[in-house]
Amino acid sequence: MEDLDRTILHDEHLLLSAHFAEASDGRQAPLRYVGIDDQHAFDEGVALVDLSGMGSRLISGEVAPSLMRTVFAGHDLTIGDTWPQVALTGDGSIAGLALVARTGDGEYAFWELTGRGDILTAWVAFVAGIEQRGIRPFAGTEIEDASTALVPLLLWGPQATAVLRDYTGTQDLPERGTIRNLMLDRIACLVGTAPLDDHPCYLVLVPPQAARILWRSFLSFQVVMPVGMEGLINRVTKLYPFMAVSLEGDGRLLAPRKQLIDAGVMRIEQDFIGARGLGGAQ
């Protein structure tokens, strides 16, 4: 029986002397690991991050594309695309920053990257259930925990491509901002290239029954080091500083429209929730 307050890889994190904290979905997730230099992992080797518990959701249904375009402010995704995007609430404040992937015609997944997964997933669920004059525009949309279907692992660092190529052989790795099916040591996985910074960053979605095998296999490389939520959040907020600073002093996260567009997490069109709340801010 599944332990609802632990991630699938919980015992693996215990073996690595991880310190735990409650993740955004209420499960215990690794905060940091004893003896690991997170910055060295990201800048010199490969950081291996278990994203389970960090607000992983699968959105599916006939009107899922309309829901995702309404909630997330980034550019439209075609099937096989993956890209970081912000979601805004009605007043223009930031609900979260997520890596969003379109995995099918009416299927998407997202992984919140800054520890605000509880806020973001609650906001997506709220919008999906909106009813106006007896009409629910997003009726029939299903929202599920994505990490129970495929365990999300990040491989992020200058040597990530070399590590992954050790598994893929002659298979082509996904291009920047795309996701594709790959066999990793005979394990069928979805692998995406997450365009977060200049270092290679791969999102590897692993079947739950193979997650421990592949986790240990990745760590068999000397250059691969486990990094917890703390290291990931520090890294992402360094790249996207507007996710770390409250401009209002009331807990809300706000950023100028131009800064979000320049960061590549918002489209120019103003057809998403929160666009009016941003006003004319530059």
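Visitor: Which parts of the structure cover the buried residues of helix 4?
Guide: This is a predicted model, where local features need pLDDT of at least 70, side-chain atom pairs count only at pLDDT 80 or more, and totals for chains, interfaces and linings use all residues. Residues are numbered from 1 along each chain as its sequence is written, and side-chain values use heavy atoms, leaving out hydrogens and water. Helices (H or I, at least four residues) and strands (E, at least two) are DSSP runs numbered from the N terminus, and contact means heavy atoms within 4.5 Å. The cover of helix 4 includes helix 3 (64-71), strand 4 (56-60), strand 5 (82-88), strand 6, strand 7 (107-112) and strand 8 (142-145).

Visitor: Within what arc do the buried residues of helix 4 fall?
Guide: Buried means under 20% relative accessible area (exposed is over 50%, partly exposed in between; 1.4 Å probe, protein chains only). Among the buried residues of helix 4 are Leu 120, Trp 123 and Val 127. Taking directions from the helix axis to the C-beta atoms, they line one face of the helix because they fall within an arc of 160 degrees.

Visitor: Is Thr 121 buried or exposed?
Guide: Thr 121 sits in helix 4 and touches Gly 55, Arg 57 and Phe 110, leaving out residues up to four places away in sequence. Its relative accessibility is 13%, so Thr 121 counts as buried.
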